[in-house]
Amino acid sequence: MEHTISITTQAERKVTDTKSVPFGKVPTEHMFIAEYSDGKWQNAKVVPFHDLTLSPLTLCLHYGQTVFEGMKAFVTRDGDINIFRMDKHFDRFNKSLHRMCMPAVPQKLFMNAIKELVTVDSDWVPKDEDGSLYIRPFMIATEDRIGVKISDEYLFMVVCSPAFQYYTKPLKVKVETTYVRSADGGTGTAKCGGNYGGAFYPTNLAKAEGFDQVLWTDSTHHEFIEESGTMNAMFFIDNVLITPELSGTILDGVTRDSLLTIAREKGMNVEVRQISYHELIRAFEDGKRVEAFGAGTAAVVAPIEIIAIGHKEYHCYTGPDATMFRLQKELFDIRKGTVPDTHHWNNIIANNTGK
Ligand code: COI
């Protein structure tokens, strides 16, 4: 099926001072929107950013059929625009949609929607070294009907917002052993809205105790580390990179995958396996150097400085020579186009910005 995208732009294209904007607060001037009804995608268009009008009966408002992605575009050293790892985000989006009984988005529609939108709003991609354009593709169930059912109608949209550092300081986290993010057979691998809404309550309890985030553990033993807040959890213990395997309850993070790939390439020791908080305690008590960090599109590498396990707080290494920062720099260099993109992760979509 051919998907033509109509493009209606605003005459004026104001670019605000992107640097002072808190994450996700200011959208770019345009958005993409397509409708799904009668079993097909139609009416695909890039239009000026606007509010939606929805009936109070709209299904997504009641039963949570919503899925999203988070991607980034960068201005490269040559002044081109690079949208990072579109293929992997596309695959994950459709896997999440499948889990939530929502219709797949054809690859061409997904890719073109994002490319067209980023091209129209290319002036909004920050040129600063530490800036990027955060791209949020998402889908919601829009059929008007309050009965519990799989929606027959959907909107697929893409919005963007300039992004800088997500966390401004190293995190203090607490190992969570009461509440869980996801259980076996649940929706943990899907990037669906409910996973995030369900995390608010335990995260709020942790915040009231002075922590920034929780380190989620598994739902059976409450012992094995799963994720860190809304990011994948990764550790360097005596320079061995350890991260939990994708067991079905963990998001298949694009940053996680990129960092693992780079680490292996650089000859680092990488272990993708279960890691319990007991192992962390042993490592701290044996005086090993423990680095801990969250990995995600928004935050990239978010260093963790304190992990509380029970009533005890353990200090992780966050010095400037920490290995996690070396990995982060390697990823940064690939995205900025200063080193060869051997994995074909970069999607260069325009060559006339910033030049
Ligand atoms: C991301 O890192 O892209 C996320 O989805 C985390 C958060 C912004 C929801």
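Two salt bridges are counted between domain 1 and domain 2, where a salt bridge is a side-chain nitrogen of Lys or Arg within 4 Å of a carboxyl oxygen of Asp or Glu. A quick caveat: this is a predicted model, so local features need pLDDT of at least 70 and side-chain atom pairs count only at pLDDT 80 or more, while totals for chains, interfaces and linings use all residues. Residues are numbered from 1 along each chain as its sequence is written, and side-chain values use heavy atoms, with hydrogens and water left out.

Now the interface. Domain 1 puts 25 residues in contact with 22 residues of domain 2, contact meaning heavy atoms within 4.5 Å. Together the two domains bury about 2,100 Å², 56% of it on carbon and sulfur atoms; buried area here is the accessible area (1.4 Å probe) that two parts lose on being put together, summed over both. There are also 15 residue pairs in polar contact across this interface, both residues at pLDDT 80 or more. A polar contact is a pair of N or O atoms within 3.5 Å; within protein, one must be able to donate a hydrogen and the other to accept it, and residues adjacent in sequence count only if both atoms are side-chain atoms.

Helix H2 (86-99) and strands S4 (66-68), S5 (71-75) and S6 (81-84) each give at least two residues to the side of domain 1 that touches domain 2. Helices (H or I, at least four residues) and strands (E, at least two) are DSSP runs, numbered from the N terminus. H2 has the largest share of that side, with five residues.

Finally, the ligand. Residues around it (a heavy atom within 4 Å) include Phe 68, Arg 136, Tyr 166 and Lys 191. Here are some distances to ligand oxygen atoms:

| Residue | Atom in the residue | Distance to a ligand oxygen |
|---|---|---|
| Tyr 134 | polar side-chain atom | 2.6 Å |
| Thr 297 | polar backbone atom | 3.2 Å |
| Ala 298 | backbone N or O atom | 2.8 Å |
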